[in-house]
Amino acid sequence: MYFNYKENKIYYEKYGNKKQNLIILPGWGDNRKTFYNIIDNLKDEFSIYIFDYPGFGKSPLPKQDLTIYNYAEIIIEFMKQNKIKSPIVIGHSFGGRIIVTMSGYYNINFKKIILISSAGIKPKKNIFQKIKQYSYKLLKKLGSLLPLKTRNKYNKKLISIFASSDYKALPPTLHRTFIKIVNEDLTKYLKYINNETLLIWGEKDQATPIKDAYKMNYLIKNSGLVIIKNATHFCYMEYPMYFKIILNKYLKGED
């Protein structure tokens with residue numbers, strides 16, 4: 001099924017038909033398919049909604065560059081159109097960014113929040129990363145002196161050398177969106193999240209390191225943290241049975 005946000009068509013799927021709504025927000029570049037095991041586990045107890053973001057899965061590329069606030073507004077608009085109030089929300093990585101923005105910036109009320117290896121805390125660059133960034137900017141500036149044909153090839157070469165794998169994997173129309181999102185530090189919104197929140201993290205997560213989990217746990221007032229030993233950024237896929245137990249206990253209000 002599709003719904004419209006401004007000029008964009010957003011694909012979503014619904015499972016179950018219970019009173020309590022649950023919204024699942026996947027990570028960046030991901031789509032609904034990696035959550036099917038979780039959906040199968042919960043669909044008899046909830047009405048579950050899950051999305052493909054613009055440019056991923058079955059959703060067409062966006063008509064314009066998007067910010068994290070646009071992504072939050074997409075979900076807010078969907079909730080308005082479908083008269084969904086106080087849902088439970090689950091967000092992995094980038095999906096966590098959206099939830100933090102919805103709750104901490106837009107003050108959207110959720111019954112419960114579950115953040116899985118959530119992104120949102122901008123990492124500090126080490127000296128090598130700073131040198132790499134400076135080198136890229138300097139070389140790009142020098143490239144502006146080249147003729148147009150040569151300049152385009154030169155810039156593509158710079159991207160192949162300096163850009164991250166996530167950036168290079170994207171279609172060009174999403175490059176500016178990606179840059180806007182990763183450069184937005186959401187730490188300032190964490191203290192404004194008032195909803196009950198469970199943080200689930202992989203002990204060996206390199207994409208969103210465990211120190212981010214501790215920081216979120218400290219800044220989000222009503223929060224708890226579960227660390228899955230030996231798991232990485234995709235702990236819900238690596239340890240599905242353990243994750244299922246954690247999720248079921250939390251959703252049922254058990255200790």
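Which residues line the second largest pocket? They are Thr 34, Asn 37, Ile 38, Asn 41, Tyr 236, Met 237, Pro 240, Met 241, Phe 243 and Lys 244. This is a predicted model, in which local features need pLDDT of at least 70, side-chain atom pairs count only at pLDDT 80 or more, and totals for chains, interfaces and linings use all residues. Residues are numbered from 1 along each chain as its sequence is written, and side-chain values use heavy atoms, with hydrogens and water left out.

**The second largest pocket**

- A pocket is an open set of points on a 1 Å grid over the protein atoms alone, with protein on both sides within 12 Å along at least five of seven lines. Lining residues have an atom within 4 Å of a point.
- The volume of the second largest pocket is about 150 Å³. A volume is the space filled by probe spheres set on the points, with grid points joined across faces, edges and corners.
- At least two lining residues come from each of α1 (36–42), α10 (235–238) and α11 (240–251). Helices (H or I, at least four residues) and strands (E, at least two) are DSSP runs, numbered from the N terminus.
- With 4 residues, α11 gives the most to this lining.
- The lining splits into 6 nonpolar, 3 polar and 1 charged. Ala, Val, Leu, Ile, Met, Phe, Trp, Tyr, Cys and Pro count as nonpolar, Asp, Glu, Lys and Arg as charged, and the others, Gly among them, as polar.

**The largest cavity**

- A cavity is a set of grid points where a 1.4 Å probe fits but cannot get out. The count is 1 cavity of 30 Å³ or more.
- The largest cavity has a volume of about 40 Å³.
- Its lining is Ile 10, Phe 51, Asp 52, Tyr 53, Pro 54, Tyr 71, Ile 74 and Ile 75. The elements giving two or more of these residues are β4 (47–52) and α2.
- α2 gives the most, with 3 residues.
- By class, this lining has 7 nonpolar, no polar and 1 charged residues.

**Helices α2 and α3**

- The axes of α2 (residues 68–81) and α3 (residues 94–104) come within 9 Å and cross at roughly 75°. That makes α2 roughly perpendicular (65 to 115 degrees) to α3.
- Axes are lines fitted to C-alpha atoms, for helices over the stretch in contact, and angles run from 0 to 180 degrees between N-to-C directions.
- Contact means heavy atoms within 4.5 Å. Among the α2 residues that meet α3 are Ile 68, Tyr 69 and Met 79. The α3 partners include Phe 94 and Arg 97.
- The residues of this contact divide into 10 nonpolar, 1 polar and 1 charged.
- 11 of the 11 residues of α3 are buried, so α3 is largely enclosed by the rest of the structure. Buried means under 20% relative accessible area, exposed over 50%, partly exposed in between (1.4 Å probe, protein chains only).
- The buried residues of α3 pack against β3 (21–25), α2, β5 (88–92), β6 (112–116), α7 (175–182) and α8 (187–190).

- Ser 118 lies between β6 and α4 (127–143). Ser 118 counts as buried, at 0% relative accessibility. Its contacts include Ser 93, Gly 96 and Trp 201, not counting residues up to four places away in sequence.
- Most residues other than glycine have a negative phi. Ser 93 has a positive phi, near 55°. Ser 93 sits in the loop between β5 and α3 and is buried at 12% relative accessibility.
- Asn 230 also has a positive phi, near 70°. Asn 230 lies in the loop between β8 (223–228) and α10. At 40% relative accessibility, Asn 230 is partly exposed.

Key
Parallel < 35°, antiparallel > 145°, perpendicular 65-115°, else oblique.
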